[in-house]
Amino acid sequence: MASRVDDIWGERTPFVHGDPWPERIDTVVDGAAERWVQSACVLCSNGCALDIGVRDGRIVGVRGRGVDRVNHGRLGPKGLYGWQANSAADRLTQPLVRRDGQLRPASWDEAMNLVVERSRSLLAERGPSAFGFYTTGQLFLEDYYTLALVARGGIGTNHLDGNTRLCTATAGQALKESFGADGQPGSYVDVDLADTYFHVGINMAETQTVLWMRHLDRLHGPDRPRLVVIDPRRTPAAREADVHLAVRSGTNVAILNALIRELIVNGWVDQEWVDEHTVGFTALEKTVAEYTPERGAEICGVGPDDIRRAAAVLGEAERMLTFVLQGVYQSHQATAAAVQCNNVNLVRGMIGKPGAGILQMNGQPTAENTRETGCNGDLPGFRNWQNDAHVAELAQLWNLETLQIPHWGPPTHAMEIFRYAEQGSISFLWIIGTNPAMSLPELRRIRSILAQDRLFLVVSDAFLTETVEYADVVLPAAIWGEKTGTFTNADRTVHLSERAVEPPGEARADMDIFIDYANRLGLRDKDGQPLVKWSTAEECYRAWQECSKGRPCDYSDISYNGLRGGSGIQWGGERLYSDGLFPTGADLAEEYGHDLVTGYTFTKAEFQALNAQRRAILKPSKYVPPADAPNEEFPYQLSTGRTVYHFHTRTKTGRAPELVAAAPDVWVEMAQEDAAELGAGEGDLLRVETPRGVVEARLRVTGARRGVVFVPFHYGYWDDDDGDRTRAANELTITRWDPVSKQPIFKTTACRVLKVGDGRGPAPAPTTTASEPA
Ligand code: SF4
């Protein structure tokens, strides 16, 4: 099966519009499996259904589930090989406690008592705001819902967020701004039905590999849809595109405004639908009027006729499906740009209809659940912190006084949580299943925050990550395959993942750890009963069904039993908003929205003044240049990102031999012309510098646009013998974020590049992806 590392998307199974996507069962198994256990992949937001092969109490492989609506049996390289991390020799198998400066093995009692003692004294001395919780997009729904209850309801802190802030905060925010609530309008089935795909800042071929297979099977089928791609890099999708707009990084709003203007001036607007189902068209028309193709071309560094051609493809589409990801979300005008993507579909009336819709994609596998359950900047069940009735409803569900649930201001976002820890107002930080010492921007600063003596740091993880190095207490976590629970992919498909094997050593499920913490700390409801009323994943899920009932993300009809045996099931049905009604009533809305340029939070009265009343909101935005623009000293734009073979900081994929061999080390990509100007060639050693740090890596010369320097952010120092820290891309990035979604900026850091050594062969970069040599 090594060929599936090279042959990333596997054999083509072309099909035509309206036919079901043919099944293809992808399997990797090491010897024979004794039994197969139902699950889904947790290595990206696609959520491909699979069965876990088990022999002698160990995971020995995976097999795609043909019956499932998401993948029809297919798996990508990460899904096929990532399971090997479960039995890696360096799993954490017992708690660790820092003594005399060293992390040493401890019992669960010893570790938890330490955490609880510190919590108790802090609660008494400083109150709930001394606590911060920073979680992930890779746990299960049941873990998150329990954490939201413990942190928001039990401790009563507003400082709970996920690393989804780095990947999917803008997706949720853009959906709230346009439609009143989070929730992907589109469906993967629309890939089978669309006649036009619009990809904005998404390298789907690498980040949602199996979804790209579905595209390829249409693109290589008899009735090929048309494809427009906006991306500074020459991604595999860009190579397949009818029009590729390789825009200058940080100019998404300008290009989208130019496209919307073209749609309007050429009469490609579905005016009847717009008049009936939206508000704000006049303001949008006025704002985009100045973005002629020539002005858009000048700002974005593309040809004006290319903008016209792209607009014509979008304008002539009958069923247009739009995908958006990090190229939009990790920019300075992230929400403003993501909302303009919504606007493209809205002005064309292309939402809630077969083949027509929007997928503001998620990055991480269970990011959707982080948002739904209130583990990011929202209250559980897409409830609105500004709506007293929503907070009271939650208090009733949790049997707490309303004032126990913090709602005096927006829930604290991750970048602010770390700032509070830096300033000392947060002195207890619990980091769960994520690795900020590698993934947050400006790592030197993050290391200094984590290393403070005054910060009590608890880390739950399955592995000794870079972040664990700073912990006071380390709690070993059970992961996928070792616990039961559910999770939801980017098109709202819920999957059940059953426990296949025992966790190693004393590792425990995160949900169990939170319940143990709550019970030891004596967290109670207002009647003096234990706060957390469940002890199994299924009991927790039932409580979640109750919490989500009647909300946009209503799980009440999706039971564990319903999820067993067949396909995953979508909440909200095939696609949202088929009736043209949006949750923009003031009583329904998850948020009252923001000014897209400044980030100002609208009040209920300001929201009501829009008079949306169940209509979608067309919110315009002017283009604003990035603050960290290239200059004489730092003339390039650094963009960080991923390759198909690794997930984030490689905590799992760095422990799968095939994936490590396919992309073993960091590299830096530059355009041919830029490399030539530098006097550098393929494989030469380059030094990338910003005012915050340095990375050294071998050069891959690619077909990207000039001025872009790409460095994958997967590579850290945990497997370096020499303690070399110059491989991590986030040594270079900047502490700045989108004013609306608060998502950090990873795509437009001004940098300079120097050649520091000659090459000894090609860069250690994959050759089959966006990193393809020029
Ligand atoms: S596309 Fe995503 S969910 Fe599917 S197998 Fe690959 S990594 Fe796993």
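**View 1. Helix H2 gives the lining of the second largest cavity its largest share, 3 residues.** This is a predicted model, in which local features need pLDDT of at least 70 and side-chain atom pairs count only at pLDDT 80 or more, while totals for chains, interfaces and linings use all residues. Residues are numbered from 1 along each chain as its sequence is written, and side-chain values use heavy atoms, with hydrogens and water left out. The second largest cavity, with a volume of about 130 Å³, is lined by residues including Cys41, Cys44, Cys48, Lys78 and Thr209. A cavity here is a set of points on a 1 Å grid over the protein atoms alone where a 1.4 Å probe fits but cannot get out, and lining residues have an atom within 4 Å of a point; the volume is the space filled by probe spheres set on the points, which are joined across faces, edges and corners. Helices are DSSP runs (H or I, at least four residues), numbered from the N terminus.

**View 2. Tyr145 and Trp398 form a tilted aromatic pair.** Their rings lie 6.3 Å centre to centre with 50° between the planes, where rings of Phe, Tyr and Trp (its six-membered ring) pair if their centres lie within 6.5 Å, and planes under 30 degrees apart count as stacked, over 60 as edge-to-face and the rest as tilted. Tyr145 belongs to helix H4 and Trp398 to helix H18, so the pair ties together parts 253 residues apart in sequence.

View 3. Tyr517 touches residues including Met112, Val150 and Ile155, contact meaning heavy atoms within 4.5 Å.

Terms used. 1 Å grid on protein atoms, 1.4 Å probe; cavity = no way out; pocket = protein on both sides within 12 Å on 5 of 7 lines; lining within 4 Å. Helix = DSSP H or I, 4+ residues; strand = E, 2+ residues; numbered from the N terminus. Lists of a residue's contacts leave out its neighbours within four places in sequence.
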